[in-house]
Amino acid sequence: MIEALILVHLWSLVVAGCAWALQRDGGGRIGARFPAPNIWLTLIALCFVPGALFLMPLGNAISLPEIEIFELIPAQVGESSAVNPRPFNYLLAYIFSSLLLIIHTLWRWSRLQRLPLNPTIEPGVYTTTSDIPPLTLSWPRRAVVIPRGFEDQAALIRHERAHLRQYDSELTLLLLILRDAMLRSPGVSYLVRQWRLAIELRADYAATNMLAASQRKDYAKLLLSFQQPNEVSGGTLPCPTAGLSSKRHRNVKMRLTEIMENEPVERKRHWNTALLLTFIAASGIGLMSAAATASSGKGNAHDYVIVDYIKKTPLQLPASCPGLESNLKARGINFEEVDIQVGDQLFTRHKMTLGTVVVGHDVRRDGSNYNSRVLSSTHPCFEAEAKAAIASSLTQPQESEIKNVAAKLHFSISAETPEELNDKLRSYLR
């Protein structure tokens, strides 16, 4: 799961960077290359394609069988594991942090829902004495809110009604929650912010497309009078607003230009190509990541057969294993507690797997194995012992030869206490 999240974070930065480059102004009108809201929504969705494909059970479609090998040397833990058997859970920390951000956004949304409102003569339009710009409340209190004294500004009301018709406030809340779930990743945050600007441009056109040039100028001046942040909004209202932000001067210029010229720009041609290429690239990255993860241990693309072994050869740890210590630290393997029953007595042992090898082979009619081959392994020093163990193991006699059998073998050490595991590991790695 954490790998999928990392993939989404990195890919969103690539998408945001490409979108930034594509919509930058050339020598013509400011904002001429700025896409419509649906384009930004699609880009946000495409950020999650690699992570979604990564989580698809591509590698789990085929699960490799495991044969239990009796261990001459019981399992032991890596040095770091013996000292700290419970590693830091990054996924849990990620979820906790995102929940805090989501709760904060929902708390501010609830403050807006509790605003004191006074109805006007227009249905669905309310005034407030709170220090906020004009805005649209999302469900369950869907309404247009205008500061007291501005209820006669028909263009402002048309602007907010346009948001209401498009359900922009509900979408804004959902996208802000999604942004918080991604820990306000720079890539996702940028795309969400650009979508919010796009819906403001759309609402501005709905408010001014029937106005004369002088009336559009008055409307632009009125918007400039609503500045953010303020006490209620905090700069990121979970709903659209007609107010302009002085923090991003290009956004202000773009809105003012489109209000004054009142000419919607055709922006779809090169953006449709960009969306197609982004989807292809996102799908390729997701599928390649899933395939790479599957080949490294989550599964294999071949159809392997499961058999029962009636004779199992004990595994021997190799006499030496250069580079195993750094390999163990990179994999972060920890020990586990296992119960071993000897007769009527039950013993608890601390066990650690030093290496794992997946061996493919074929089975003759008499149950003997041949054509042993390593499919994957955590370290090459265990491969020879694994192939030898499979070659000397036996299955039940078969009616015919079986091809493409696979087994997963674990090379382990164990001890009664983590301290003993640590000593054994040090002794072996010397």
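This is a predicted model: local features need pLDDT of at least 70, side-chain atom pairs count only at pLDDT 80 or more; totals for chains, interfaces and linings use all residues.

Is Trp40 buried or exposed? And what surrounds that part of the picture?

Modeller: Trp40 is buried, since its relative accessible area is 0% and the cut-off for buried is under 20%. Phe34 also counts as buried, at 0% relative accessibility. Searching the whole structure turns up four aromatic pairs. In the pair formed by Phe34 and Trp40, the ring centres are 5.5 Å apart and the planes meet at 45 degrees, so this pair is tilted. Ring pairs also tie Phe34, Trp40, Tyr190 and Trp271 together as a cluster.

Let us turn to the helices. Helix 8 (186–208), together with helix 6 and helix 9, is among the elements covering the buried residues of helix 10. Those buried residues are Arg250, Asn251, Val252, Met254, Arg255, Thr257, Glu258 and Ile259. Helix 10 (residues 249–261) has 13 residues, which should span 18 Å at 1.5 Å a residue, and this agrees with its end C-alpha atoms being 18 Å apart. Just after helix 10 comes Asn262, with a positive phi of about 55 degrees.

Two of the covering helices also pack against each other: the axes of helix 6 (residues 154–166) and helix 9 (residues 213–224) are 10 Å apart, at an angle of about 70 degrees. Helix 6 and helix 9 are therefore roughly perpendicular. Helix 6 brings Ala155, Leu156 and His159 to the contact, while helix 9 brings Tyr219, Leu222 and Leu223. Five of these contact residues are nonpolar, one is polar and none is charged.

Terms used:
Residues are numbered from 1 along each chain as its sequence is written. Side-chain values use heavy atoms; hydrogens and water are left out. Rings of Phe, Tyr and Trp (its six-membered ring) pair if their centres lie within 6.5 Å; planes under 30 degrees apart count as stacked, over 60 as edge-to-face and the rest as tilted. Buried means under 20% relative accessible area, exposed over 50%, partly exposed in between (1.4 Å probe, protein chains only). Axes are lines fitted to C-alpha atoms, for helices over the stretch in contact, and angles run from 0 to 180 degrees between N-to-C directions. Helices (H or I, at least four residues) and strands (E, at least two) are DSSP runs, numbered from the N terminus. Angles under 35 degrees count as roughly parallel, over 145 as roughly antiparallel, 65 to 115 as roughly perpendicular and the rest as oblique. Contact means heavy atoms within 4.5 Å. Ala, Val, Leu, Ile, Met, Phe, Trp, Tyr, Cys and Pro count as nonpolar, Asp, Glu, Lys and Arg as charged, and the others, Gly among them, as polar. The expected span of a helix is 1.5 Å times one less than its number of residues.
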